[in-house]
Amino acid sequence: MYKPRRIHFLLYQAQQGRCFHCLEPMLDRVWTRGKRGEKGWTQEHVIPLSQGGGRAGNVVLAHRLCNGRRGNQPLSDIDLARARMIIAAVAARLPTAPPVLPYIPLRRIA
Ligand SMILES: [Zn+2]
């Protein structure tokens with residue numbers, strides 16, 4: 001099992017330090033529980049936990065504010081594809097595949 005910190009670090013690198021939603025820079029290391037600045041990063045569940053999304057392979061990083069704005073809205077197909085690329089880039093840098101790979105259904109983009 002991989003330590004979440006390692007995954008978060010790799011996600012941060014794969015996203016070039018930018019928020020998944022607004023693409024503005026996220027402040028590194030603003031992760032202290034209860035003391036998250038608006039520009040700090042949080043775990044953003046690609047498929048919300050409330051809609052059956054898992055934890056492993058289902059996380060990208062986003063500003064706390066942007067994460068909150070999204071709430072439980074499903075991601076667009078383009079954003080799903082983008083999240084899948086980020087997660088795949090992180091998975092490729094782990095010694096072996098994470099225990100649960102994400103299943104993100106892709107519909108045709110009209
Ligand atoms: Zn943002």
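## Buried and exposed

Take Pro74. Pro74 has 12 C-beta neighbours inside 10 Å, so Pro74 counts as exposed. Its place is the loop between helix H2 (64–70) and H3. Gln51 is 23 residues away from Pro74 along the chain, and the two C-alpha atoms are separated by 9.2 Å.

Now take the chain as a whole. It has 110 residues, and 21% of them count as buried.

## The model and its confidence

This model is predicted. The mean pLDDT of the chain is 81. A value of 70 or more is reached by 74% of the residues. Helix H3 (residues 77–92) has the highest confidence, at a mean of 94. Helix H1 (residues 4–14) has the lowest, at 86. Keep one caution in mind. Where pLDDT is low, the predicted coordinates should not be read in detail.

## The order of the elements

The chain holds three helices and two strands. Along the sequence they follow the pattern α-β-β-α-α. Count the contacts with a separation of 6 or more: 55% of them join residues 24 or more positions apart.

## The two strands

Strands E1 (41–45) and E2 (residues 59–63) pair in the antiparallel sense. Five bridges join them. In one of these pairings, Thr42 has Ala62 of E2 as its bridge partner.

How much of each strand is buried? In E1, four of the five residues are buried, so E1 is largely enclosed by the rest of the structure. In E2, five of the five residues are buried, so E2 is largely enclosed too.

## The nonpolar core

The largest nonpolar core has 15 residues. Seven names stand out here: Leu11, Cys19, Phe20, Val60, Leu61, Ala62 and Ala83 touch the most other members. H1, E2 and H3 each supply at least two residues of this core. E2 gives the most, with four residues.

Leave out residues up to four places away in sequence. Phe20 then touches Gln15, Glu44, Val60, Leu61, Ala62 and Ala83. Ala62 is also the bridge partner of Thr42.

## Helix H3

Start with its length. At 1.5 Å a residue, the 16 residues of H3 should span 22 Å. The end C-alpha atoms of H3 are 22 Å apart, which agrees.

Next, its sides. Ala83, Ile87 and Val90 of H3 are buried. They cover an arc of only 55 degrees around the axis, which puts them on the same side of H3. What lies exposed on the other side of H3? Ile78, Met85 and Ala92 do.

## The loop between H1 and E1

Two residues in this loop deserve a look: Gln16 and Leu23. Gln16 is not a glycine, although it has a positive phi of about 50 degrees. Leu23 is not a glycine either, and its phi is positive at about 65 degrees.

Are Gln16 and Leu23 buried or exposed? Gln16 has 9 C-beta neighbours inside 10 Å, so Gln16 counts as exposed. Leu23 has 11 such neighbours, so Leu23 counts as exposed as well. Finally, compare Leu23 with His63. They are 40 residues apart along the chain, and their C-alpha atoms are separated by 9.4 Å.

Key. Residues are numbered from 1 along each chain as its sequence is written. This is a predicted model: local features need pLDDT of at least 70, side-chain atom pairs count only at pLDDT 80 or more; totals for chains, interfaces and linings use all residues. A residue is buried if 20 or more other C-beta atoms lie within 10 Å of its own, exposed if 12 or fewer, and partly exposed in between; C-beta atoms are placed from the backbone. Two residues are in contact if their C-beta atoms, placed from the backbone, lie within 7 Å. pLDDT is the predictor's confidence in each residue, from 0 to 100. Two strands pair if DSSP finds at least two bridges between them. A nonpolar core is a set of buried Ala, Val, Leu, Ile, Met, Phe, Trp, Tyr and Cys residues joined through C-beta atoms within 7 Å. The expected span of a helix is 1.5 Å times one less than its number of residues. The arc is that of the directions from the helix axis to the C-beta atoms.
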